[in-house]
Amino acid sequence: MTLAALLPLTQTIVRGVGRNKISFAISFVIVVAIATLYHLLRGIDAGKVIAALEAQSPLRILIAGMLVVAGYANLICYDLFALHTIGKFKIPLRVVAFASFTSYTIGHSLGAATLTCGLVRFRVYSFWNLNVVDIAKIAFVTGLTFWLGNIFVLGGAIAYAPAALSAVDNLPAWVNRLIGLAGLLAIGCYLIWLVAHPRSVGRADWRIALPNLRRTVLQIGIGTLDRCLASLSIFMLLPESPSVGFATIVVIFVLATLLGAVSHTPGSLGVVEAAILIGLPQYQREDLLATLLTFRVLDFFLPLMLATILFGLRELRLLARRAHRRQSDTALSL
């Protein structure tokens, strides 16, 4: 499957959702994020930011980096779970690991992650006889895992620390606690819905059987671990003073990443930062900005560089094999 073969798929998806609507929505969100960040960062002392960066503990940075690595390793579980759900059991683990890491990292960095992640996955998995329908099903299951994990973690964290959300939505703590409990109730209702009999969604070739109750609990666990590892990694980078509870960090960080995900901006740049700066006024802006810069390097830029190099090397290897095959065919014909 060549890159040229991906173009019809790209064009079909873009036409389906509307190219102009996508471009306008992403451009609008980027402008709003930039304007918000500009407002939040006015008066920032660059010297204090540099001093905060220099004051960060190497040990805490190392621990945060290890948590980031664990979080990316957990992405393998996303794809493995999805592949097993759609009945694809024979894909080697190394292929799953490569596809999950590169598709998420490169796709997330380019924006419109549903489309771009799907294209990267299709490029990798098509060599193992997976078609467009299979990739769409994988995208659905991984997306469901992501949202179930987010709802469970965010619902639980808000129910436990409702005041954390008040910094963002300005609602009373009791209202926010009800919002958190409503999220947990939604998860409970979904699990109960699965108990009666096997459930499925879609039609014809696009129909997919939803995981049963036991597997859905595992699915929620995968998404929950993802969110907890990411929250812990940024928690380790925050200044020790003032002391802010982990539940508060979870609420703000998960909400910020969700806003970034639905914005479809490249790498959620600007959206996540603005949401965290608004949601954690307890910290000095310079200290918080230093934390966000370090987290971006660990969680975004370094993985993106690695994923790009790995994917590029794979493509070069495939080109070399194709060229060698053509030379062999030419030699045989002579």
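In which loop is the place of Asn129? Asn129 is found in the loop between α6 (113-125) and α7. Although Asn129 is not a glycine, its phi is positive, at about 65 degrees.

The structure is a predicted model. For the protein chain the mean pLDDT is 84, and 84% of the residues reach 70 or more. Over residues 1-19, however, pLDDT stays under 50, and the model has 17 contacts beyond four places in sequence for this stretch. Where pLDDT is low, the predicted coordinates should not be read in detail.

**Helices α7 and α10**

Helix α7 covers residues 132-160. Its 29 residues should span 42 Å at 1.5 Å a residue, and this agrees with the model because the end C-alpha atoms are 42 Å apart. Helix α10, residues 213-237, has 25 residues. From its first C-alpha to its last, α10 reaches 37 Å, close to the 36 Å expected at 1.5 Å a residue.

**From α10 to α11**

The loop between α10 and α11 contains Pro242. Ser241 and Pro242 are joined by a cis peptide bond, with omega about 0 degrees.

**Packing of α7 and α11**

Helix α11, residues 246-263, packs with α7 at an angle of about 145 degrees, and the two axes are 9 Å apart. The crossing of these helices is left-handed. On the α7 side, the residues that make the contact include Phe146, Trp147, Asn150, Val153 and Leu154. On the α11 side, they include Val250, Val251, Val254, Leu255 and Leu258. By class, this contact has 15 nonpolar residues and 1 polar residue, with no charged residues.

Definitions and conventions: Residues are numbered from 1 along each chain as its sequence is written. This is a predicted model: local features need pLDDT of at least 70, side-chain atom pairs count only at pLDDT 80 or more; totals for chains, interfaces and linings use all residues. Side-chain values use heavy atoms; hydrogens and water are left out. Axes are lines fitted to C-alpha atoms, for helices over the stretch in contact, and angles run from 0 to 180 degrees between N-to-C directions. Helices (H or I, at least four residues) and strands (E, at least two) are DSSP runs, numbered from the N terminus. A crossing is left-handed if the near helix is turned anticlockwise from the far one by less than a right angle, and right-handed if clockwise. Contact means heavy atoms within 4.5 Å. Ala, Val, Leu, Ile, Met, Phe, Trp, Tyr, Cys and Pro count as nonpolar, Asp, Glu, Lys and Arg as charged, and the others, Gly among them, as polar. The expected span of a helix is 1.5 Å times one less than its number of residues. pLDDT is the predictor's confidence in each residue, from 0 to 100.
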